[in-house]
Amino acid sequence: MKLDFTYDIQVGERIIKVKELSFTDVKNLCKSLMFRSDLNELKDVFNKLISGVCVENGEQLNILEKIVVLLNLRGLTFGKDINISYNRHNITIQNDAILAAFNKPINVIEFMHGDAIIEFGLPHNFVINQNNIANTVYESIISIKSPIYDLNFNKLTEKEKETIINELPGLPFNEIYRLICAQYENYKFTVSIIDNTSLFLFDESFLIFFKYIFDANYQDVLDLEFALRRFLHFNIVDLDHTPFPECRIMFIKFDKESQQKKEPNVE
Amino acid sequence: MSNNFNDILADIKKIKTGVQVWVPSKKENVELKVLTLAQQKAIIESSADINLSVLFFNSTISKILEQNLPDKLTSYNTIDRVQFAIALRRQIKNEISIDGGNYLLEQVLAENKLRESYIAPKVIESTNYKFSVRVPNLEYDNRVNNLLLKRYKDESIRGNKLKSLISDLFVSELFKFIEKIEVQSSNNVLDLTANITQGLELIESIDSKEFVDIVTYINNVRAEEKKYTQIPNKDLYIDIVPDFFVV
(Lines give C-alpha, C1' and ligand atoms only; values in the text may rest on other atoms or scores of the structure.)
Protein backbone atom coordinates (compact mmCIF):
# COMPACT_ATOMS: atom_id res chain seq x y z
CA MET A 1 0.00 0.00 0.00
CA LYS A 2 1.25 3.46 -0.90
CA LEU A 3 0.05 6.38 1.20
CA ASP A 4 0.56 9.74 -0.43
CA PHE A 5 0.89 12.38 2.24
CA THR A 6 -0.89 15.68 1.61
CA TYR A 7 -1.16 18.94 3.50
CA ASP A 8 -4.46 20.72 3.97
CA ILE A 9 -4.39 24.39 3.11
CA GLN A 10 -7.42 26.39 4.14
CA VAL A 11 -8.42 29.32 1.99
CA GLY A 12 -11.61 30.88 3.29
CA GLU A 13 -13.99 27.96 3.64
CA ARG A 14 -12.21 25.82 1.08
CA ILE A 15 -9.70 23.11 1.96
CA ILE A 16 -7.10 22.53 -0.73
CA LYS A 17 -5.01 19.39 -0.51
CA VAL A 18 -1.44 19.78 -1.71
CA LYS A 19 1.45 17.38 -2.13
CA GLU A 20 4.98 18.23 -1.01
CA LEU A 21 7.66 19.15 -3.53
CA SER A 22 10.22 16.41 -4.01
CA PHE A 23 13.92 17.10 -4.50
CA THR A 24 13.48 16.65 -8.27
CA ASP A 25 10.47 19.03 -8.30
CA VAL A 26 12.54 21.76 -6.63
CA LYS A 27 15.47 21.18 -8.98
CA ASN A 28 13.18 21.44 -12.04
CA LEU A 29 11.41 24.49 -10.65
CA CYS A 30 14.75 26.12 -10.01
CA LYS A 31 15.82 25.44 -13.61
CA SER A 32 12.48 26.73 -14.94
CA LEU A 33 12.81 30.01 -13.06
CA MET A 34 16.50 30.53 -13.70
CA PHE A 35 16.26 32.11 -17.15
CA ARG A 36 12.69 33.37 -17.11
CA SER A 37 11.54 36.90 -16.41
CA ASP A 38 8.76 37.23 -18.98
CA LEU A 39 5.43 37.42 -17.16
CA ASN A 40 3.65 34.97 -19.48
CA GLU A 41 6.40 32.41 -18.95
CA LEU A 42 6.29 32.92 -15.18
CA LYS A 43 2.50 32.50 -15.27
CA ASP A 44 2.98 29.15 -17.02
CA VAL A 45 5.62 27.98 -14.54
CA PHE A 46 3.49 28.77 -11.48
CA ASN A 47 0.26 27.47 -13.00
CA LYS A 48 2.07 24.22 -13.80
CA LEU A 49 3.47 24.08 -10.28
CA ILE A 50 -0.01 24.54 -8.79
CA SER A 51 -1.53 21.89 -11.07
CA GLY A 52 1.27 19.54 -10.04
CA VAL A 53 0.93 19.94 -6.27
CA CYS A 54 -2.85 20.20 -5.94
CA VAL A 55 -4.48 16.83 -5.54
CA GLU A 56 -7.54 17.96 -7.47
CA ASN A 57 -8.63 20.86 -9.70
CA GLY A 58 -5.47 22.93 -9.37
CA GLU A 59 -6.25 24.73 -12.61
CA GLN A 60 -9.64 25.83 -11.26
CA LEU A 61 -8.28 27.72 -8.26
CA ASN A 62 -8.92 31.44 -8.26
CA ILE A 63 -6.04 33.91 -8.05
CA LEU A 64 -6.28 34.32 -4.28
CA GLU A 65 -6.31 30.57 -3.71
CA LYS A 66 -3.31 30.20 -6.00
CA ILE A 67 -1.37 32.86 -4.07
CA VAL A 68 -2.19 31.27 -0.72
CA VAL A 69 -1.22 27.81 -2.00
CA LEU A 70 2.10 29.10 -3.35
CA LEU A 71 2.93 31.01 -0.14
CA ASN A 72 2.19 27.88 1.91
CA LEU A 73 4.22 25.75 -0.46
CA ARG A 74 7.14 28.16 -0.12
CA GLY A 75 6.89 27.87 3.68
CA LEU A 76 6.73 24.07 3.57
CA THR A 77 9.67 23.77 1.20
CA PHE A 78 12.13 26.46 2.19
CA GLY A 79 10.92 27.61 5.61
CA LYS A 80 8.78 30.48 6.81
CA ASP A 81 11.44 33.21 6.72
CA ILE A 82 11.88 35.07 3.46
CA ASN A 83 15.28 36.76 3.43
CA ILE A 84 15.77 39.74 1.19
CA SER A 85 18.93 41.79 0.71
CA TYR A 86 18.17 45.46 0.23
CA ASN A 87 20.62 48.37 0.36
CA ARG A 88 23.24 46.14 1.96
CA HIS A 89 20.79 45.15 4.73
CA ASN A 90 19.30 41.74 5.29
CA ILE A 91 15.56 41.94 5.73
CA THR A 92 13.44 39.02 6.86
CA ILE A 93 9.76 38.87 6.05
CA GLN A 94 7.56 36.27 7.68
CA ASN A 95 5.62 34.18 5.19
CA ASP A 96 2.74 34.14 7.70
CA ALA A 97 2.49 37.94 7.67
CA ILE A 98 1.86 37.93 3.92
CA LEU A 99 -0.58 35.06 4.27
CA ALA A 100 -2.51 36.97 6.91
CA ALA A 101 -2.92 39.89 4.52
CA PHE A 102 -4.39 37.72 1.79
CA ASN A 103 -5.99 34.67 3.32
CA LYS A 104 -9.26 36.42 4.03
CA PRO A 105 -12.80 35.45 3.13
CA ILE A 106 -13.90 36.40 -0.37
CA ASN A 107 -16.76 38.86 -0.58
CA VAL A 108 -19.01 37.69 -3.36
CA ILE A 109 -20.32 40.38 -5.72
CA GLU A 110 -23.99 40.03 -6.61
CA PHE A 111 -24.99 41.53 -9.94
CA MET A 112 -28.57 41.76 -11.10
CA HIS A 113 -28.88 40.99 -14.82
CA GLY A 114 -32.39 40.75 -16.19
CA ASP A 115 -34.21 38.53 -13.73
CA ALA A 116 -31.07 36.62 -12.77
CA ILE A 117 -28.61 37.28 -9.97
CA ILE A 118 -25.05 36.53 -11.05
CA GLU A 119 -22.46 36.02 -8.33
CA PHE A 120 -18.89 36.97 -9.08
CA GLY A 121 -15.79 35.98 -7.13
CA LEU A 122 -12.22 36.13 -8.35
CA PRO A 123 -10.66 35.30 -11.71
CA HIS A 124 -8.20 32.43 -12.17
CA ASN A 125 -5.38 34.14 -13.98
CA PHE A 126 -2.31 35.79 -12.51
CA VAL A 127 -2.14 39.46 -13.54
CA ILE A 128 -5.36 40.97 -14.76
CA ASN A 129 -5.66 44.31 -16.50
CA GLN A 130 -7.76 46.29 -18.98
CA ASN A 131 -6.60 44.04 -21.83
CA ASN A 132 -8.40 40.96 -20.57
CA ILE A 133 -11.63 42.31 -19.12
CA ALA A 134 -13.84 39.75 -20.86
CA ASN A 135 -11.84 36.75 -19.61
CA THR A 136 -11.59 38.20 -16.12
CA VAL A 137 -15.35 38.62 -15.83
CA TYR A 138 -16.09 35.25 -17.43
CA GLU A 139 -13.65 33.44 -15.12
CA SER A 140 -15.07 35.14 -12.04
CA ILE A 141 -18.63 33.82 -12.34
CA ILE A 142 -19.48 31.70 -9.32
CA SER A 143 -23.18 31.14 -9.81
CA ILE A 144 -26.26 32.28 -11.66
CA LYS A 145 -29.59 32.25 -9.89
CA SER A 146 -32.76 32.88 -11.82
CA PRO A 147 -36.35 32.22 -10.75
CA ILE A 148 -36.23 28.87 -12.55
CA TYR A 149 -32.65 27.63 -12.16
CA ASP A 150 -29.68 27.80 -9.84
CA LEU A 151 -26.36 27.17 -11.51
CA ASN A 152 -23.16 26.70 -9.51
CA PHE A 153 -20.25 27.32 -11.87
CA ASN A 154 -17.70 25.76 -9.50
CA LYS A 155 -19.36 22.38 -9.99
CA LEU A 156 -19.24 22.52 -13.79
CA THR A 157 -16.58 21.04 -16.01
CA GLU A 158 -14.77 23.40 -18.41
CA LYS A 159 -16.84 21.96 -21.27
CA GLU A 160 -20.10 22.57 -19.41
CA LYS A 161 -19.02 26.12 -18.57
CA GLU A 162 -18.30 26.79 -22.22
CA THR A 163 -21.72 25.45 -23.19
CA ILE A 164 -23.44 27.74 -20.69
CA ILE A 165 -21.38 30.78 -21.76
CA ASN A 166 -22.48 30.12 -25.33
CA GLU A 167 -26.09 30.46 -24.25
CA LEU A 168 -26.04 33.16 -21.57
CA PRO A 169 -26.88 36.73 -22.58
CA GLY A 170 -24.03 39.29 -22.77
CA LEU A 171 -22.92 41.28 -19.73
CA PRO A 172 -21.76 44.82 -18.97
CA PHE A 173 -18.14 43.65 -18.67
CA ASN A 174 -16.61 47.02 -17.76
CA GLU A 175 -19.03 47.65 -14.95
CA ILE A 176 -18.49 44.20 -13.44
CA TYR A 177 -14.71 44.43 -13.93
CA ARG A 178 -14.67 47.72 -12.01
CA LEU A 179 -16.72 46.16 -9.20
CA ILE A 180 -14.31 43.21 -8.95
CA CYS A 181 -11.25 45.49 -8.85
CA ALA A 182 -12.83 47.77 -6.22
CA GLN A 183 -13.83 44.80 -4.07
CA TYR A 184 -10.25 43.54 -3.76
CA GLU A 185 -8.17 46.74 -3.85
CA ASN A 186 -7.42 46.39 -0.11
CA TYR A 187 -5.91 42.95 -0.54
CA LYS A 188 -2.29 44.03 -0.41
CA PHE A 189 0.88 43.62 1.63
CA THR A 190 3.28 46.53 1.96
CA VAL A 191 6.92 46.22 3.00
CA SER A 192 7.59 49.70 4.35
CA ILE A 193 11.31 49.06 4.80
CA ILE A 194 11.71 48.41 1.05
CA ASP A 195 10.44 51.76 -0.26
CA ASN A 196 6.85 50.84 0.61
CA THR A 197 6.89 48.09 -2.00
CA SER A 198 3.49 46.44 -2.15
CA LEU A 199 2.18 43.09 -3.28
CA PHE A 200 -1.23 43.38 -4.90
CA LEU A 201 -3.68 40.67 -5.80
CA PHE A 202 -4.13 41.59 -9.46
CA ASP A 203 -0.92 43.08 -10.80
CA GLU A 204 2.40 41.44 -11.71
CA SER A 205 3.95 42.03 -8.25
CA PHE A 206 3.17 38.52 -7.00
CA LEU A 207 4.62 36.76 -10.03
CA ILE A 208 7.89 38.65 -9.62
CA PHE A 209 7.87 38.02 -5.88
CA PHE A 210 7.23 34.29 -6.39
CA LYS A 211 10.10 34.08 -8.84
CA TYR A 212 12.33 35.57 -6.15
CA ILE A 213 11.18 33.40 -3.25
CA PHE A 214 11.10 30.09 -5.15
CA ASP A 215 14.34 30.66 -6.99
CA ALA A 216 16.73 28.64 -4.84
CA ASN A 217 20.35 28.94 -5.88
CA TYR A 218 20.76 26.27 -8.56
CA GLN A 219 24.39 25.61 -7.59
CA ASP A 220 23.31 24.95 -3.99
CA VAL A 221 20.69 22.48 -5.22
CA LEU A 222 23.28 20.68 -7.35
CA ASP A 223 25.71 20.58 -4.40
CA LEU A 224 22.99 19.05 -2.24
CA GLU A 225 22.20 16.48 -4.95
CA PHE A 226 25.87 15.54 -5.19
CA ALA A 227 26.12 15.09 -1.41
CA LEU A 228 22.91 13.04 -1.27
CA ARG A 229 24.07 10.74 -4.06
CA ARG A 230 27.72 10.52 -2.94
CA PHE A 231 27.33 10.08 0.81
CA LEU A 232 23.77 8.96 1.40
CA HIS A 233 23.55 6.85 -1.79
CA PHE A 234 20.34 8.42 -3.04
CA ASN A 235 19.28 7.25 -6.48
CA ILE A 236 16.92 8.94 -8.96
CA VAL A 237 13.87 7.22 -7.46
CA ASP A 238 14.78 8.55 -4.00
CA LEU A 239 15.24 12.06 -5.36
CA ASP A 240 11.93 11.86 -7.19
CA HIS A 241 10.02 10.74 -4.13
CA THR A 242 11.68 12.28 -1.09
CA PRO A 243 10.34 15.73 -0.14
CA PHE A 244 12.94 18.47 -0.54
CA PRO A 245 12.93 19.58 3.14
CA GLU A 246 13.49 15.96 4.24
CA CYS A 247 16.46 15.69 1.87
CA ARG A 248 17.96 18.77 3.49
CA ILE A 249 17.31 17.46 7.02
CA MET A 250 18.97 14.15 6.15
CA PHE A 251 21.99 15.89 4.76
CA ILE A 252 22.25 18.21 7.80
CA LYS A 253 22.08 15.16 10.09
CA PHE A 254 24.72 13.36 8.07
CA ASP A 255 26.92 16.45 8.09
CA LYS A 256 26.53 16.85 11.84
CA GLU A 257 27.37 13.20 12.42
CA SER A 258 30.44 13.48 10.22
CA GLN A 259 31.61 16.55 12.15
CA GLN A 260 31.16 14.68 15.45
CA LYS A 261 33.24 11.76 14.13
CA LYS A 262 36.01 14.13 13.17
CA GLU A 263 36.18 15.71 16.66
CA PRO A 264 38.85 14.14 18.95
CA ASN A 265 37.60 11.89 21.74
CA VAL A 266 37.48 14.01 24.93
CA GLU A 267 37.89 11.02 27.27
CA MET B 1 -36.02 23.84 -9.34
CA SER B 2 -33.61 21.44 -10.99
CA ASN B 3 -29.88 21.28 -10.45
CA ASN B 4 -29.28 18.93 -13.36
CA PHE B 5 -26.99 20.51 -15.97
CA ASN B 6 -29.04 19.49 -18.98
CA ASP B 7 -32.28 20.69 -17.40
CA ILE B 8 -30.70 24.05 -16.61
CA LEU B 9 -29.27 24.34 -20.13
CA ALA B 10 -32.73 23.67 -21.53
CA ASP B 11 -34.18 26.34 -19.19
CA ILE B 12 -31.59 28.91 -20.29
CA LYS B 13 -32.34 28.19 -23.94
CA LYS B 14 -36.06 28.42 -23.27
CA ILE B 15 -35.90 31.86 -21.63
CA LYS B 16 -33.37 33.23 -24.11
CA THR B 17 -35.92 35.41 -25.84
CA GLY B 18 -35.29 37.48 -28.91
CA VAL B 19 -35.98 41.16 -29.41
CA GLN B 20 -37.92 42.80 -32.21
CA VAL B 21 -35.68 44.95 -34.38
CA TRP B 22 -36.75 47.27 -37.17
CA VAL B 23 -34.99 46.38 -40.41
CA PRO B 24 -34.55 49.43 -42.69
CA SER B 25 -34.20 47.44 -45.93
CA LYS B 26 -37.32 45.34 -45.25
CA LYS B 27 -39.33 48.03 -43.48
CA GLU B 28 -40.48 45.46 -40.95
CA ASN B 29 -39.48 43.97 -37.62
CA VAL B 30 -37.51 40.75 -37.30
CA GLU B 31 -36.71 38.79 -34.19
CA LEU B 32 -33.05 39.00 -33.21
CA LYS B 33 -31.75 36.67 -30.53
CA VAL B 34 -29.82 38.48 -27.79
CA LEU B 35 -26.04 38.50 -27.75
CA THR B 36 -24.56 35.67 -25.71
CA LEU B 37 -21.60 36.03 -23.39
CA ALA B 38 -19.42 34.04 -25.79
CA GLN B 39 -20.46 36.24 -28.73
CA GLN B 40 -19.75 39.39 -26.74
CA LYS B 41 -16.32 38.01 -25.86
CA ALA B 42 -15.67 37.26 -29.55
CA ILE B 43 -16.50 40.87 -30.48
CA ILE B 44 -14.15 42.29 -27.87
CA GLU B 45 -11.40 39.92 -28.98
CA SER B 46 -11.89 41.02 -32.59
CA SER B 47 -10.11 44.27 -31.74
CA ALA B 48 -6.88 42.44 -30.88
CA ASP B 49 -5.37 42.87 -34.35
CA ILE B 50 -5.05 46.64 -34.83
CA ASN B 51 -4.45 46.46 -38.59
CA LEU B 52 -7.39 44.22 -39.38
CA SER B 53 -9.74 45.17 -36.57
CA VAL B 54 -12.47 46.58 -38.83
CA LEU B 55 -12.47 43.44 -40.97
CA PHE B 56 -12.36 41.15 -37.94
CA PHE B 57 -15.13 43.10 -36.27
CA ASN B 58 -17.42 43.00 -39.30
CA SER B 59 -16.68 39.34 -39.80
CA THR B 60 -17.49 38.59 -36.15
CA ILE B 61 -20.73 40.59 -36.30
CA SER B 62 -21.72 38.69 -39.45
CA LYS B 63 -21.11 35.34 -37.76
CA ILE B 64 -23.24 36.45 -34.82
CA LEU B 65 -26.07 37.71 -37.02
CA GLU B 66 -25.97 34.45 -38.93
CA GLN B 67 -26.67 32.65 -35.65
CA ASN B 68 -29.12 35.15 -34.18
CA LEU B 69 -31.33 36.13 -37.12
CA PRO B 70 -34.18 34.02 -38.48
CA ASP B 71 -33.14 34.47 -42.16
CA LYS B 72 -29.94 34.11 -44.12
CA LEU B 73 -27.58 37.10 -44.31
CA THR B 74 -28.46 37.55 -47.99
CA SER B 75 -31.75 39.04 -46.74
CA TYR B 76 -30.05 42.02 -45.06
CA ASN B 77 -27.69 44.79 -46.10
CA THR B 78 -24.94 46.84 -44.47
CA ILE B 79 -27.37 49.57 -43.35
CA ASP B 80 -29.37 46.93 -41.47
CA ARG B 81 -26.14 45.82 -39.78
CA VAL B 82 -25.89 49.15 -37.94
CA GLN B 83 -29.39 48.75 -36.60
CA PHE B 84 -28.68 45.15 -35.50
CA ALA B 85 -25.44 46.15 -33.76
CA ILE B 86 -27.24 48.85 -31.75
CA ALA B 87 -30.05 46.43 -30.85
CA LEU B 88 -27.55 43.79 -29.68
CA ARG B 89 -25.71 46.33 -27.53
CA ARG B 90 -28.96 47.66 -26.10
CA GLN B 91 -29.66 44.25 -24.57
CA ILE B 92 -26.44 44.45 -22.57
CA LYS B 93 -26.94 48.05 -21.49
CA ASN B 94 -29.42 50.61 -22.76
CA GLU B 95 -27.28 53.60 -21.80
CA ILE B 96 -24.34 54.96 -23.77
CA SER B 97 -21.94 57.77 -22.84
CA ILE B 98 -20.63 60.06 -25.57
CA ASP B 99 -18.59 63.18 -24.82
CA GLY B 100 -19.71 63.20 -21.20
CA GLY B 101 -23.43 62.89 -22.00
CA ASN B 102 -25.58 59.83 -21.37
CA TYR B 103 -28.09 58.69 -23.98
CA LEU B 104 -30.50 55.79 -24.38
CA LEU B 105 -30.06 53.36 -27.24
CA GLU B 106 -33.77 52.59 -27.27
CA GLN B 107 -34.31 56.21 -28.37
CA VAL B 108 -31.80 55.78 -31.20
CA LEU B 109 -33.62 52.63 -32.33
CA ALA B 110 -37.02 54.35 -32.08
CA GLU B 111 -35.77 57.30 -34.13
CA ASN B 112 -34.30 54.96 -36.73
CA LYS B 113 -37.69 53.38 -37.23
CA LEU B 114 -38.94 56.70 -38.55
CA ARG B 115 -36.16 57.05 -41.11
CA GLU B 116 -36.77 56.52 -44.79
CA SER B 117 -33.73 55.03 -46.32
CA TYR B 118 -33.66 53.25 -49.57
CA ILE B 119 -30.69 53.53 -51.80
CA ALA B 120 -31.75 51.96 -55.05
CA PRO B 121 -29.46 49.87 -57.23
CA LYS B 122 -28.37 51.83 -60.27
CA VAL B 123 -26.29 51.72 -63.39
CA ILE B 124 -23.37 54.09 -63.40
CA GLU B 125 -21.78 54.91 -66.72
CA SER B 126 -18.15 55.92 -66.96
CA THR B 127 -16.05 56.61 -70.06
CA ASN B 128 -15.57 52.97 -70.95
CA TYR B 129 -17.87 50.94 -68.69
CA LYS B 130 -21.35 50.54 -67.33
CA PHE B 131 -21.35 49.46 -63.68
CA SER B 132 -24.43 47.92 -62.05
CA VAL B 133 -24.12 48.92 -58.41
CA ARG B 134 -26.19 48.18 -55.31
CA VAL B 135 -25.86 48.10 -51.52
CA PRO B 136 -24.14 44.76 -50.76
CA ASN B 137 -25.97 42.18 -48.73
CA LEU B 138 -24.32 41.03 -45.51
CA GLU B 139 -23.43 37.59 -46.80
CA TYR B 140 -21.55 39.01 -49.79
CA ASP B 141 -19.91 41.76 -47.72
CA ASN B 142 -18.72 39.08 -45.30
CA ARG B 143 -17.38 36.83 -48.06
CA VAL B 144 -15.22 39.63 -49.44
CA ASN B 145 -14.03 40.59 -45.93
CA ASN B 146 -13.10 37.00 -45.16
CA LEU B 147 -11.07 36.75 -48.32
CA LEU B 148 -8.99 39.74 -47.23
CA LEU B 149 -8.69 38.40 -43.70
CA LYS B 150 -7.41 35.10 -45.04
CA ARG B 151 -4.83 36.94 -47.11
CA TYR B 152 -3.54 39.13 -44.27
CA LYS B 153 -4.22 37.36 -40.99
CA ASP B 154 -0.73 35.91 -40.59
CA GLU B 155 1.07 39.07 -41.68
CA SER B 156 3.03 41.07 -39.14
CA ILE B 157 3.07 44.86 -39.18
CA ARG B 158 6.47 44.74 -40.88
CA GLY B 159 5.44 42.21 -43.48
CA ASN B 160 5.71 43.35 -47.08
CA LYS B 161 2.25 42.02 -47.82
CA LEU B 162 0.68 44.33 -45.24
CA LYS B 163 1.86 47.39 -47.15
CA SER B 164 -0.76 46.63 -49.79
CA LEU B 165 -3.58 46.32 -47.22
CA ILE B 166 -4.86 49.89 -47.65
CA SER B 167 -5.08 49.57 -51.43
CA ASP B 168 -6.69 46.12 -51.12
CA LEU B 169 -9.25 47.54 -48.70
CA PHE B 170 -10.08 50.27 -51.21
CA VAL B 171 -10.43 47.78 -54.06
CA SER B 172 -12.57 45.42 -52.01
CA GLU B 173 -14.78 48.32 -50.89
CA LEU B 174 -15.45 49.21 -54.55
CA PHE B 175 -15.85 45.58 -55.48
CA LYS B 176 -18.54 44.88 -52.86
CA PHE B 177 -20.85 47.44 -54.47
CA ILE B 178 -20.38 46.44 -58.12
CA GLU B 179 -22.56 43.60 -59.28
CA LYS B 180 -21.87 43.67 -63.02
CA ILE B 181 -19.51 45.40 -65.42
CA GLU B 182 -20.34 46.01 -69.04
CA VAL B 183 -17.59 47.05 -71.43
CA GLN B 184 -19.17 49.83 -73.51
CA SER B 185 -17.22 49.10 -76.69
CA SER B 186 -18.00 45.39 -76.86
CA ASN B 187 -21.17 45.05 -74.77
CA ASN B 188 -19.47 42.19 -72.93
CA VAL B 189 -20.98 41.79 -69.46
CA LEU B 190 -19.25 40.18 -66.50
CA ASP B 191 -21.08 39.17 -63.33
CA LEU B 192 -18.54 39.96 -60.59
CA THR B 193 -20.36 38.04 -57.89
CA ALA B 194 -19.63 34.72 -59.59
CA ASN B 195 -15.91 34.66 -58.80
CA ILE B 196 -14.66 37.07 -56.14
CA THR B 197 -10.92 36.54 -56.66
CA GLN B 198 -11.22 37.01 -60.40
CA GLY B 199 -13.53 40.01 -59.92
CA LEU B 200 -11.06 41.73 -57.55
CA GLU B 201 -8.28 41.27 -60.10
CA LEU B 202 -10.47 42.80 -62.79
CA ILE B 203 -11.34 45.84 -60.66
CA GLU B 204 -7.63 46.37 -59.91
CA SER B 205 -6.87 46.49 -63.62
CA ILE B 206 -9.39 49.28 -64.35
CA ASP B 207 -8.30 52.91 -64.34
CA SER B 208 -9.30 54.70 -61.08
CA LYS B 209 -11.00 57.59 -62.85
CA GLU B 210 -13.71 55.18 -64.06
CA PHE B 211 -14.83 54.72 -60.43
CA VAL B 212 -15.47 58.35 -59.46
CA ASP B 213 -19.27 58.07 -59.48
CA ILE B 214 -19.16 54.70 -57.76
CA VAL B 215 -17.18 56.24 -54.91
CA THR B 216 -19.92 58.88 -54.60
CA TYR B 217 -22.56 56.12 -54.47
CA ILE B 218 -20.57 54.30 -51.76
CA ASN B 219 -20.17 57.52 -49.78
CA ASN B 220 -23.95 58.00 -49.90
CA VAL B 221 -24.46 54.51 -48.51
CA ARG B 222 -21.90 55.04 -45.74
CA ALA B 223 -23.51 58.41 -44.92
CA GLU B 224 -26.87 56.63 -44.67
CA GLU B 225 -25.35 54.03 -42.35
CA LYS B 226 -23.96 56.84 -40.21
CA LYS B 227 -27.42 58.42 -39.85
CA TYR B 228 -28.53 55.25 -38.06
CA THR B 229 -25.85 55.84 -35.43
CA GLN B 230 -27.00 59.39 -34.67
CA ILE B 231 -28.15 60.34 -31.19
CA PRO B 232 -31.63 61.90 -31.72
CA ASN B 233 -31.53 65.69 -32.08
CA LYS B 234 -27.78 65.84 -31.45
CA ASP B 235 -24.77 66.14 -33.66
CA LEU B 236 -23.37 63.03 -31.98
CA TYR B 237 -22.79 59.62 -33.51
CA ILE B 238 -22.14 56.19 -32.06
CA ASP B 239 -18.97 54.45 -33.16
CA ILE B 240 -19.88 50.88 -34.02
CA VAL B 241 -16.55 49.34 -33.01
CA PRO B 242 -15.59 46.52 -30.60
CA ASP B 243 -15.40 48.99 -27.68
CA PHE B 244 -19.09 49.75 -28.18
CA PHE B 245 -19.73 46.30 -26.70
CA VAL B 246 -17.45 46.79 -23.69
CA VAL B 247 -19.77 48.43 -21.18
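Q: How many residues of domain 1 of chain B are in contact with domain 2 of chain B?
A: 18 residues of domain 1 of chain B are in contact with 18 residues of domain 2 of chain B. Contact here means that two C-beta atoms, placed from the backbone, lie within 7 Å. Bear in mind that this is a predicted model, where local features need pLDDT of at least 70 and side-chain atom pairs count only at pLDDT 80 or more, while totals for chains, interfaces and linings use all residues. Residues are numbered from 1 along each chain as its sequence is written, and chains are lettered from A and ligands numbered from 1 in the order in which they are written.

Q: Where do the domains of chain B run?
A: Domain 1 of chain B takes 13–117 + 226–245, and domain 2 takes 122–223. Those bounds come from an automatic or database domain assignment. The centres of the two domains of chain B, taken over C-alpha atoms, are 25 Å apart.

Q: OK, chain A now. What are its domains?
A: Chain A splits into domain 1 (6–103 + 188–214) and domain 2 (109–183). Their C-alpha centres lie 26 Å apart. Twelve residues of domain 1 of chain A are in contact with nine residues of domain 2 of chain A. On the domain 1 side, α2(A) gives the most, with three residues. By class, that side of chain A has eight nonpolar, one polar and three charged residues.

Q: What's the strand order in the open sheet of chain A?
A: The order is β5-β6-β7-β8 (chain A), with antiparallel pairing. Strands pair if DSSP finds at least two bridges between them.

Q: Why do β5 and β8 of chain A each have one side without a neighbour in the sheet?
A: β5 (109–113) and β8 (150–152) of chain A stand at the edges with a single partner strand each, so one side of each has no neighbour in the sheet. As for β7 (residues 141–145) of chain A, β7 pairs with β8(A) over three bridges, and Ile144(A) has Leu151(A) as bridge partner.

Q: Which helix lies across β5 and β6 of chain A?
A: Helix α7 (residues 173–183) of chain A does, running at about 165° to β5(A). Axes are lines fitted to C-alpha atoms, for helices over the stretch in contact, and angles run from 0 to 180 degrees between N-to-C directions.

Q: Back to chain B: how many bridges join β1 and β2?
A: β1 (residues 18–23) and β2 (residues 28–33) of chain B pair in the antiparallel sense over six bridges. Gly18(B) has Lys33(B) as bridge partner. The hairpin has four residues between the strands, and Lys27(B) takes a positive phi near 55°.

Q: Last one, how many residues do the chains give to their contact?
A: Chain B gives 24 residues and chain A gives 21 residues. The chain B side divides into 13 nonpolar, six polar and five charged.

Definitions and conventions:
Nonpolar A, V, L, I, M, F, W, Y, C, P; charged D, E, K, R; others polar. Helix = DSSP H or I, 4+ residues; strand = E, 2+ residues; numbered from the N terminus.
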